[in-house]
Structure formats: structure tokens, C-alpha cells
Amino acid sequence: MTMTDPLPLQAITFDLDDTLWDNHGVMVATETGHYAWLDRELAGWLQAHGRSTSPRFSECFPLESFELRRRALAHAHPLHRGHFTWLRERALTEMLGEYGLEPATAEQWARAAMARFMELRHRVEPHPEVEPLLTGLGRHYRLASITNGNVDIQRLALGRHFPVAIAAGEILAPKPDPRPFLAALARLGASPARALHVGDSWREDVEPARRLGMQVAWISPHVDDTPMPPGIHRLDHVRELPALLRRLGQPAPEWELR
Ligand SMILES: [Mg+2]
């Protein structure tokens, strides 16, 4: 190997939300869907138990107040600020208690609403190119996912491509903390210099990965010709990853989306 040969890449790590799928629509549907489910099911349950359903839970606690409650909890529990599932369940339990439910009943309903939330949350639709892309990349590289969000990749068909999946919020070290990157690389057995991270957030993906010495593919569809700093490669879409790998002198899957 000469000085000009690129270091062969061994591992690729992927952000999930807004990298492998568009997250906005599913997030809105999840947010409104599970809250409406809770409001409806709880009213039915109260009625069946001969208890008053007026005012409704959602009248006492509109969706905006749920968000404010989560923010206040994150502020009061900074260690848990990235653990969105914990924040959500805790906020719901508090509000349901204030609505008049006994503590154990409030906890049960909060847990049920979160189960509904997680079911809706996993209705993401990966970009059609992602499945063949990961299949091809898996032949050349070790793959990991690193997310701050609450999608459990192992609940999706795509999960089989990721022997390592890091939920950064759950380990209480959300990106841009370097620890989820280091945890993924350690488990893949790759050094940062031999790894590429793919993600859409400049602050949470690009900066921390680059600081560790990883190559970075920044998924940013905004047309912009600003030259990128060394080691950072802007792509419109994750489907452009094989072309980037070839430009970097690395093996890349040969596939065409028909
Ligand atoms: Mg993202």
C-alpha cells in the first residue's frame, strides 16, 4: 500500500430517521394517533366502570401540554433528556394521575398508550433503495445503526442487516455524544479511521463522527455547492452511497434500482 491509497473501510454506521426513511409523516401520525387512542379507550373504560368521562382526558391535557410536560421532565432529569420513551411514559403517568386515576391505574394506561405509540412509530417506510443497498453493503462491510430516536430497528425487516444496533437515548448518551459511535465501532471491531458514518444531522451525525476521525456521508438534500471539509461528503440521498464509496476507492455494491 502506498501513501496515496485510501485506508480500506471496514465498517459503516447509519443514522435511521431521515437517513433511511422520511420521518416526519410517521411521527405526526404516531403522535396524534396514540394520544387519540388513549383518550378514546380511557373514556370507554371510565364509562364501563361507572365513572365520569367529563371532562375528557384530552380536554384537561391537550397534546401541546403533553409536549410541555416532556420538556419540563427532560429539564428536571437531564440524564434522561435523550431517553424519549422514558420521558413519554413518565409524562403520561403524571398527567393521568392528575386526571384522577389511581397511581397503578395511571401507570397501566401510560404503558398501554406507549405500546400503541411504539406500534405506530414502527410504521416507517424505508426508501425503496435501502433494502438492496444494505444487502449489497453487507457483503463488504460490517454495519451498525445508531439512533437517538425510539425506533427499534430489530422490529423492522431491515434489522437483519444490522448485527449492531445502538439506541443512544437508552444508553443515556444521545448523539452528538461520541459514546454511541465508540460503542458501535467497538462492537464491530473497527477503528474510527476505517469507518464511515451516514446521517442527516450536521450536529448529531456529522460533527461527532468526524471528530472521532470517521469518514462521513452527510445526507442533505438541499442543493448547496459549499465545499465540504475533508472527510465529509454531502449526498442528496442515501441511494448515492455506492457512488461515493467508489469515488473513495472502496468496494461498493453493483446494483441498479429498476
Ligand atoms: Mg436523523
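Author: Quick ground rule first: a helix is a DSSP run of H or I of at least four residues, a strand is a run of E of at least two, and both are numbered from the N terminus. Residue numbers start from 1 along each chain as its sequence is written. This is a predicted model, where local features need pLDDT of at least 70, side-chain atom pairs count only at pLDDT 80 or more, and totals for chains, interfaces and linings use all residues.

Reader: Pro 55 first. In which loop does Pro 55 lie?

Author: The peptide bond into Pro 55 from Ser 54 is cis, with omega near -5 degrees. As for its place, Pro 55 sits in the loop between H1 and helix H2 (57-60).

Reader: And the bond from Lys 175 to Pro 176, what is its omega near?

Author: Pro 176 is found in the loop between E3 and H7. The bond from Lys 175 to Pro 176 is cis, and its omega is near 15 degrees.

Reader: Let's zoom out. How many helices and strands are in the chain?

Author: Along the principal axes, the C-alpha atoms fill a box of roughly 80 × 40 × 35 Å. Of the 258 residues, 34% count as buried (20 or more other C-beta atoms, placed from the backbone, within 10 Å of a residue's own; 12 or fewer is exposed, in between is partly exposed). The tally for the chain is 9 helices and 6 strands.

Reader: On to helix packing. At what angle do H1 and H5 pack?

Author: H1 covers residues 24-48 and H5 covers 103-121, with axes 9 Å apart; axes are lines fitted to C-alpha atoms over the stretch in contact, and angles run from 0 to 180 degrees between N-to-C directions. H1 residues including Trp 37 and Leu 42 meet H5 residues including Trp 109 and Phe 117. The packing angle is about 145 degrees.

Reader: How many charged residues are in the contact of H3 with H4?

Author: H3 (63-76) and H4 (84-99) pack at about 115 degrees, with axes 9 Å apart. Their contact takes in Arg 69 and Arg 70 of H3, among others, and Arg 88, Arg 90 and Glu 94 among those of H4. Counting Asp, Glu, Lys and Arg as charged, Ala, Val, Leu, Ile, Met, Phe, Trp, Tyr, Cys and Pro as nonpolar and the others, Gly among them, as polar, the contact has 6 nonpolar, no polar and, for charged, 5.

Reader: How many residues are in the largest nonpolar core?

Author: Such a core is a set of buried Ala, Val, Leu, Ile, Met, Phe, Trp, Tyr and Cys residues joined through C-beta atoms within 7 Å. Val 198 is among the members touching the most others, and its contacts beyond four places in sequence include Ile 12, Ala 217 and Val 238. Another core of 17 residues, among them Phe 84 and Met 114, lies apart from it. The count for the largest core is 40.

Reader: Which residues of H8 are buried?

Author: H8 runs over residues 202-211. Its buried residues pack against H7, E4 (195-199), E5 (215-219) and E6 (232-235), and H8 is followed by Gly 213, with a positive phi near 95 degrees. The buried ones are Glu 204, Asp 205, Val 206, Pro 208 and Ala 209.

Reader: Is Asp 18 buried or partly exposed, and why?

Author: Asp 18 has a positive phi, near 65 degrees, without being a glycine. Its place is in the loop between E1 (11-14) and H1. Because 18 other C-beta atoms lie within 10 Å, Asp 18 counts as partly exposed.

Reader: Last one: how far is Pro 251 from His 140, C-alpha to C-alpha?

Author: Pro 251 lies in the segment after H9 (241-247). Leaving out residues up to four places away, Pro 251 touches His 140 and Leu 245. Pro 251 and His 140 are 111 residues apart in sequence, yet their C-alpha distance is 6.8 Å.

Conventions. Two residues are in contact if their C-beta atoms, placed from the backbone, lie within 7 Å.
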